[in-house]
Amino acid sequence: QVQLVESGGGLVQPGGSLGLSCAAFGSIAVTHGMGWYRQAPGKQRELVADITRGGSTNYADSVKGRFTISRDNAKNTVFLQMNSLQPEDTAVYYCNADILQTGRILSVRYWGQGTQVTVSS
């Protein structure tokens with residue numbers, strides 16, 4: 001089995017910064033695309049950013065220029081650096097990853113447990 005473990009998050013004032021990380025553990029052959037989603041109260045889960053294994057990135061318009069996604073393929077880990085945070089960034093942030101397990105043919109998308117980010121003065 002595979003597990004995604006998130007860390008980071010918390011409470012920050014408007015204009016501040018936070019970093020999130022998410023590591024995949026288990027019988028992993030290859031980790032393909034990885035990404036971050038968020039879900040605010042009463043809203044649907046939305047894509048924040050994603051990154052291919054080769055390093056190509058994609059961002060939601062609302063976070064472009066403020067957030068940076070990166071990854072460490074050797075450690076099956078994805079990072080999200082969040083700068084210039086605003087109250088509207090408050091949400092539960094979830095990581096995901098498309099992972100091919102050892103001995104399997106098809107990759108499966110896994111999700112982290114979610115971590116709360118609150119931006120408030």
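Predicted model: local features only at pLDDT ≥ 70, side-chain atom pairs only at ≥ 80, totals over all residues.
Q: Hi! Which residues touch the most other members of the largest nonpolar core?
A: Those are Trp 36, Leu 80, Met 82 and Tyr 93, in a core of 31 residues.

Q: And which elements give two or more residues to this core?
A: They are β1 (2-8), β3 (18-26), β4 (28-39), β5 (46-51), β7 (67-72), β8 (77-82), β9 (91-101) and β11 (115-119).

Q: Which of them gives the largest share?
A: That would be β9, with 5 residues.

Q: Let's zoom in on Met 82. What is Met 82 in contact with, leaving aside neighbours within four places in sequence?
A: Met 82 is in contact with Gly 16, Ser 17, Leu 18 and Leu 20, and also with Arg 66, Phe 67, Tyr 93 and Val 117. Of those, Tyr 93 is also among the core residues that touch the most other members.

Q: Changing topic: how many salt bridges are there?
A: The count comes to 5. One of them joins the side chains of Asp 89 and Arg 38, at 3.0 Å from N to O.

Q: Where do those two sit in the chain?
A: Asp 89 is in the loop between β8 and β9, while Arg 38 is in strand β4. The pair links distant parts of the chain, 51 residues apart.

Q: Is Arg 38 buried or exposed?
A: Buried: its relative accessibility is 6%, and buried means under 20%. Asp 89 counts as buried too, at 1%.

Q: What about Asp 89 and Arg 66, how far apart are their closest N and O atoms?
A: They are 2.7 Å apart, in a salt bridge. Arg 66 lies in the loop between β6 (57-59) and β7, and Asp 89 in the loop between β8 and β9, so this pair ties together parts that are 23 residues apart in sequence. Arg 66 is buried, as is Asp 89.

Q: Which residues make up the salt-bridge network?
A: The linked residues are Arg 38, Glu 46, Arg 66 and Asp 89.

Q: And what does Lys 64 pair with?
A: Lys 64 forms a salt bridge with Asp 61, with the closest N and O atoms 3.1 Å apart. Asp 61 is exposed, with a relative accessible area of 65%.

Q: Last one, Thr 77. Where is Thr 77, and what does its side chain reach?
A: Thr 77 is in strand β8, and its side chain reaches the backbone oxygen of Lys 75 at 2.8 Å. Thr 77 counts as buried, at 9% relative accessibility.

Q: Which residues does Thr 77 touch, not counting those up to four places away in sequence?
A: Thr 77 touches Cys 22, Ala 23, Met 34, Ser 70, Arg 71 and Asp 72.

Terms used. Residues numbered from 1 in each chain as written. Heavy atoms only, no water. Core = buried A, V, L, I, M, F, W, Y, C linked by side-chain atoms within 4.5 Å. Buried < 20%, exposed > 50% of the residue type's maximum accessible area, 1.4 Å probe, protein only. Helix = DSSP H or I, 4+ residues; strand = E, 2+ residues; numbered from the N terminus. Contact = heavy atoms within 4.5 Å. Salt bridge = Lys/Arg side-chain N within 4 Å of Asp/Glu carboxyl O. Polar contact = N/O pair within 3.5 Å; in protein donor to acceptor, adjacent residues only side chain to side chain.
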